[in-house]
Amino acid sequence: MKRILFALILSVNVLFTFSQECNIALQPIVVPSSDGRYYPQVESYLKNRLQNITLEAGETSSLSSEQFGVALSYNTLDKQVIGGVPAKIVYNINASLFIVDLKGKTVYSSCSLELKGIGNNETKALINCFRGLDVGNESVKRMIQDGKKQIINYYDNNFTKIIAKAKTDASMKNYDAAIYSLLSIPECSKGYGAALEMLPIVYRQFVNQHCNENLAQARAAWYASPNSDGASVAGVYLSEIYPDASCFQDAMQLFKEIRKQMGEEWKFMMKQYNDAIALERQQMNMMREIALAYAKNQPKETINIFWK
């Protein structure tokens, strides 16, 4: 297979979904142009376009992935300058799309499209080329479906390892990492049920530890400075405590103590669940927030990958 160089900066991770029943996390990846020139506006447009293509193929969520991506590379087949005022630039390019496994260094599916665009400068001409990228294209649609099948197959074959790693992370009190790993397993995978069983256990461990740590910090801040400054710092820590944590009532007692002394000038509200009936759904939303925060705090990498 043709040697492919992906020299890229992995920045914003976004969850794209291919169908109503199965959420697959991907990140948009734009490979530098074959002529070696950098077009920042083109790259920004392409990342948004890749997002739109996958959005058009299904729904979306906020969870992220560092492993799977939808990548695009392109090379110029022909470039012409048409005289006039102003002059026009016409591009004829070949765009290649890939669904990739970055950790496994594997291309799961791919397709190529020939695109044309015209503009007053190179950037506008290239952007007009990429307006032709469309999920309705049969080649693109087939690539997405084939890639989806391969990713689901990956989870079917590896969910036991993912869950084992989550258990290890949880035993080391890396609860947010464990929640992230468990939520990465899609609903249509064979391992989703096992992940779903473990999630509430890890979540409970996370919120209890999180509560104890933040309550201790809130108390220290308030008792060291029982004034508006101390109340402000304590409020920051109290705001991080989840309503179903084991120490939530103790946190509420501190909240009431501060409110009694500070009065209405202390503008602060503890987290509350809106409806006890919807507790399970709200906890799932909390878990997604925890996973998203974990992913956003991971260091961004510059990766150079050679695949054959």
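Analyst: Start with the cut-offs: a residue is buried under 20% relative accessible area, exposed over 50%, and partly exposed in between. Keep in mind that this is a predicted model. Cys111 has a relative accessible area of 9%, so Cys111 counts as buried. Cys129, at 1% relative accessibility, is buried as well.

User: Is Arg49 buried or exposed?

Analyst: Arg49 is buried, because its relative accessible area of 11% is under 20%. Arg49 belongs to helix α1, residues 40–56. In space Arg49 lies 8.9 Å from Asp134, C-alpha to C-alpha, although 85 residues separate the two in sequence.

User: Which residue shows the class in between?

Analyst: Asn212 is an example: with a relative accessible area of 43%, Asn212 is partly exposed. Asn212 sits in helix α5. The C-alpha atoms of Asn212 and Ile241 are 8.7 Å apart, with a sequence separation of 29 residues.

User: How is the length of a helix such as α5 judged, and what span does α5 reach?

Analyst: The distance from the first C-alpha to the last is set against the span expected at 1.5 Å a residue. Helix α5 covers residues 192–224, 33 residues in total, and reaches 47 Å, close to the expected 48 Å.

User: Where does α5 bend?

Analyst: The bend is at Leu199 and amounts to about 30 degrees. A proline, Pro200, follows within four residues.

User: How should I read a disulfide, and how many does the structure hold?

Analyst: In general, a disulfide is a covalent bond between the sulfur atoms of two cysteines. The structure holds one. The bond joins Cys211 to Cys247, with an S to S distance of 1.7 Å. These cysteines come from distant parts of the chain, 36 residues apart: Cys211 is in helix α5, while Cys247 is in the loop between α6 (228–238) and α7 (248–262). The link of Cys211 and Cys247 is left-handed, with -115 degrees about the S-S bond. Both Cys211 and Cys247 are buried.

User: What is the volume of the largest pocket, and which residues lie nearest its centre?

Analyst: The volume of the largest pocket is about 480 Å³. Its lining has 24 residues, with Leu183, Tyr192, Leu196, Leu199 and Met284 nearest the centre. The elements that contribute two or more lining residues are β3 (23–30), α4 (175–183), α5 and α8 (279–296).

User: Finally, backbone angles: which phi value does Lys105 have, and where does Lys105 lie?

Analyst: Lys105 has a positive phi of about 50 degrees, although Lys105 is not a glycine. Lys105 lies in the loop between β6 (88–101) and β7 (106–119). Its relative accessible area is 53%, over 50%, so Lys105 is exposed. Lys173 can be read likewise: its phi is positive, about 65 degrees, and Lys173 is not a glycine. Lys173 is placed in the loop between α3 (138–171) and α4, and at 54% relative accessibility Lys173 counts as exposed.

Methods
Residues numbered from 1 in each chain as written. Predicted model: local features only at pLDDT ≥ 70, side-chain atom pairs only at ≥ 80, totals over all residues. Heavy atoms only, no water. Expected span 1.5 Å × (residues − 1). Bend = angle between axes of the 7 residues up to and from the residue. 1 Å grid on protein atoms, 1.4 Å probe; cavity = no way out; pocket = protein on both sides within 12 Å on 5 of 7 lines; lining within 4 Å. Points joined across faces, edges and corners; volume = space filled by probe spheres on them. Disulfide = S-S within 2.5 Å. Buried < 20%, exposed > 50% of the residue type's maximum accessible area, 1.4 Å probe, protein only.
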